Amino acid sequence: MVTLTREQVREVDRLAIEELGIPGVVLMENAGRNATDIIQRYMQQRGAELESALILCGGGNNGGDGYVIARHLYNRGVHVTILTTKSVDQLKGDALINARICRNMNLPIHPATGRGVLEHAGANLPTLIIDALLGTGFQGELRPDMLELIQAVNEWREANDSNLPRVVAAIDLPSGLDCNTGSPPTSRQGVLQHAIRADLTITFVAAKQGFTQPAAKPYIGLLEVADIGAPPELVQRVREASSDSI
């Protein structure tokens, strides 16, 4: 299995944008649309009706992917609700572009809190929560609000007290997981924190290095790789350059 580190993923993105001239917003659109296809296929394979979904969007490009997925799910007849850790106007770049589109489409966008996840999930009875909170750039300790969100998603998934399936799909990687080590974070007091426990992880370009580690296994679920439009030669070039530098 081809794997990439955090640094290699960033380099693939940089080269695709700067050398090939693919706008970042196009890469994000490709990622979100292809992730939507994988989500729908996965739900069909599980025999689950995808009628509603709760999408959790962080403040970076991972959240931007979530907004793209929300658009495509809505256009395919799915009732979507977006919970975001940053208001639309606080976002930047490609994430801001896609969040504004969702707002212009009048998709419901609410502030994300741990209690809010459980309240919206309880009110809308979604069969799917999409984790687009933290991406490959995350390292270190989780903020208390992010830790609360992750715990709420895991609580929702584990408290399956209805006949409806409860599926968690992580975008690029389960939030809280370090993509290089495959481990959840540890607090400054040395306490192991949490990461999203996903049923499905849709990662972009290639699997991340940390996914091969035993510590990652409880969090990944089924792993699928989605294309963003970067040619395979570019990925191979980045991997070879990294090998040459060792």
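## Largest pocket

About 700 Å³ of space lies in the largest pocket of this predicted model. The pocket is lined by 30 residues, and those closest to its centre are Asp-13, Asn-61, Asn-62, Asp-65 and Thr-136.

Four helices each supply at least two residues of this lining: α1 (6-18), α2 (24-45), α3 (61-75) and α6 (144-158). Sorted by class, the lining of the largest pocket consists of 12 nonpolar, 10 polar and eight charged residues.

## Second largest pocket

The second largest pocket holds about 160 Å³ of space. Its lining is made up of 13 residues, with Val-205, Ala-230, Pro-231, Pro-232 and Val-235 nearest the centre.

Helix α8 gives the most to the lining of the second largest pocket, namely four residues. By class, 10 of the lining residues are nonpolar, one is polar and two are charged.

## Cavity

The model has one cavity of 30 Å³ or more. The volume of the largest cavity is about 30 Å³. Around the largest cavity lie the lining residues Ile-38, Arg-41, Tyr-42, Gln-45, Leu-200, Leu-222 and Glu-224. Among the elements, α2 and β9 give two or more residues to this lining.

Helix α2 provides the largest share of the lining of the largest cavity, with four residues. The lining of the largest cavity divides by class into four nonpolar, one polar and two charged residues.

## Packing of α2 against α3

Two packed helices are described by the angle between their axes and the distance between the axes. For α2 and α3 the angle is about 55°, and the axes are 8 Å apart. Because of this angle, α2 is oblique to α3. The crossing in which α2 passes α3 is right-handed.

On the α2 side, the contact is made by Met-28, Glu-29, Ala-31, Gly-32, Arg-33, Ala-35, Thr-36, Ile-39 and Gln-40. On the α3 side, the residues are Asn-61, Gly-64, Asp-65, Val-68, Ile-69, Arg-71, His-72 and Leu-73. The contact of α2 with α3 has seven nonpolar, six polar and four charged residues. Two of its α3 residues, Asn-61 and Asp-65, are also among those closest to the centre of the largest pocket.

## Packing of α2 against α4

Helix α2 also packs with helix α4 (residues 93-104), at an angle of about 60° and with the axes 9 Å apart. This angle makes α2 oblique to α4. Helices α2 and α4 have a right-handed crossing.

The contact involves Gly-24, Val-25, Met-28 and Glu-29 of α2, together with Asp-94, Ala-95, Ile-97 and Asn-98 of α4. By class, the contact of α2 with α4 has four nonpolar, two polar and two charged residues. Met-28 and Glu-29 of α2 take part in the contact with α4 and also in the contact with α3.

Note on methods. Residues numbered from 1 in each chain as written. Predicted model: local features only at pLDDT ≥ 70, side-chain atom pairs only at ≥ 80, totals over all residues. Heavy atoms only, no water. 1 Å grid on protein atoms, 1.4 Å probe; cavity = no way out; pocket = protein on both sides within 12 Å on 5 of 7 lines; lining within 4 Å. Points joined across faces, edges and corners; volume = space filled by probe spheres on them. Nonpolar A, V, L, I, M, F, W, Y, C, P; charged D, E, K, R; others polar. Axes fitted to C-alpha atoms, helices over the stretch in contact; angles between N-to-C directions. Parallel < 35°, antiparallel > 145°, perpendicular 65-115°, else oblique. Left-handed = near helix turned anticlockwise from the far one by under 90°. Contact = heavy atoms within 4.5 Å.
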